[in-house]
Amino acid sequence: MTTTISNIHARQILDSRGNPTLECEVTLSGGAAGRAAVPSGASTGENEAVELRDGGEPWGGKGVSKAVAHINNEIASAVKGKDATDQTSVDTTMINLDGTENKGNLGANAILGVSMAVAHAAANAENKPLYAYLGGEDAHILPVPMFNILNGGKHADNTVDFQEFMIQPWGFDDFGEALRACVEIYHTLKNVLHDRGMSTAVGDEGGFAPNLSDNEEALRVIEEAVGRAGYSWGEQIFVALDPAASELVSEARKLGKEGYCFFSSDPEKVISSEEMIDIWSDWCARYPIRSIEDGLGEDDWSGWKLLTERLGSKIQLVGDDLFVTNPAFLDRGITEGSANSILVKVNQIGTLTETFEAVKLAHKNKYTAVLSHRSGETEDTTIADISVATNCGQIKTGAPCRSDRTAKYNQLIRIAEQLGDRARFGV
Ligand code: PGA
Ligand code: ZN
């Protein structure tokens, strides 16, 4: 068979923050090959699969030579000889070889590198683009991006507590037009900030990271940029937020308190879950917010239920740290009526098979799914293809700035071109 895995090789490379990560190359007996690189988060959920790092002094403890060695030794021995087109079998072999719930033995970074590279190799062997190989004939929906244009929290060193202020172009029929609008707004936002004497330096995901007088000012400067760029606020352009509230909870705990700490703007200020919900509810009444991700912390299940009761009929409430792309946590959310959407990050769970399972479970239960990058990325564009393969309809992959982010948008431009008239946007 020409799709038998004949060789696997991994190496350590650098991610967008200059930290080590790994990439993996898989070669098949017929000569086809595939390569994939693994992303890395900063505001990670406590239940994510384990990212194996070397520790010690070199690379600030962030080396991945152990994970690389796991691929080149144990994983290669177990997976060589398998059929690359049987993704489930390859992934299950690695899950069993690891033998833990959280992929702590081999490292989810090691397992994911192989899982993604195997898919790329199989797609190449079949002469198909990755989205078509993974999604089949039905893959045709171009995702509506969430462009992270203003950064705070753990992704920037400014006075903004909430991590991500994003714009989402729902009022367009065409991916290219939507992309252009958001790029124009991004550049106009730079001018708005410049005119106000604010910094136009960018954070980890390419969004601007100015010091603002309060968190809500982020919405006001974005509203100004949308208007100045000539687009309509609340008709063409909407807001998506990711305050990454688990980080506010951790900061409160460092002070010995329970609640949500405004660690960047006012480190003494700690508010309750109900008060957080009041902020979201007030903002949703005054701004065109369509989506809030991690509006509460990952352990605050009772708060999530309340938040979903208050806002869930109108607003997309996305569980990132809450669900960690894990069907088991999503299942709890579905049962308890918490959130109505899942953020999907391949390295939170560690295999493509489980990633697709999470999306399927979400869709089956009328939850939306949003494919997502991590704050530490590479030039790898696998998630762009997965977003189309799953027809999930939304992707979050940063500002339209910095090659690690634009690589995904550029891949979507290529996919849009390939799909031609078959493509649908914003459905
Ligand atoms: P992370 O942040 O990749 O640093 O975890 C992204 C997010 O919270 O969505
Ligand atoms: Zn998040």
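1. In this note, contact means that heavy atoms lie within 4.5 Å of each other. Axes are lines fitted to C-alpha atoms, for helices over the stretch in contact, and angles run from 0 to 180 degrees between N-to-C directions. Helices (H or I, at least four residues) and strands (E, at least two) are DSSP runs, numbered from the N terminus.

2. The model is predicted: local features need pLDDT of at least 70 and side-chain atom pairs count only at pLDDT 80 or more, whereas totals for chains, interfaces and linings use all residues. Residues are numbered from 1 along each chain as its sequence is written, chains are lettered from A and ligands numbered from 1 in the order in which they are written, and side-chain values use heavy atoms, with hydrogens and water left out.

3. An open sheet is formed by three strands in the order E1-E2-E3, with antiparallel pairing; two strands pair if DSSP finds at least two bridges between them. Strand E1 (5–14) and strand E3 (33–37) are at the edges with a single partner strand each, so one side of each has no neighbour in the sheet. On average, neighbouring strands of this sheet are turned by 15° against each other, direction ignored.

4. Five bridges join strand E2 (residues 20–28) to E3 in the antiparallel sense. Cys 24 stands opposite Ala 36 in E3.

5. Helix H3 (residues 108–125) lies across E1, E2 and E3 and runs at about 145° to E3.

6. A nonpolar core is a set of buried Ala, Val, Leu, Ile, Met, Phe, Trp, Tyr and Cys residues joined through side-chain atoms within 4.5 Å. Buried means under 20% relative accessible area, exposed over 50%, and partly exposed in between (1.4 Å probe, protein chains only). The largest such core has 128 residues, of which Phe 165 and Met 276 touch the most other members. Helix H3 gives the most to this core, with eleven residues.

7. Helix H7 (residues 245–254) is mostly covered, as seven of its ten residues are buried. Among them are Glu 247 and Glu 251. The covering elements include strand E8 (260–261), strand E9 (270–271) and helix H8 (273–286).

8. In helix H9 (residues 301–311), the buried residues include Trp 301, Trp 304 and Leu 311. Seen down the axis of H9, the buried residues fall within an arc of 150° (taken from the directions from the helix axis to the C-beta atoms), so they line one face of the helix. The face turned away from the buried side of H9 carries the exposed residues Ser 302 and Glu 309.
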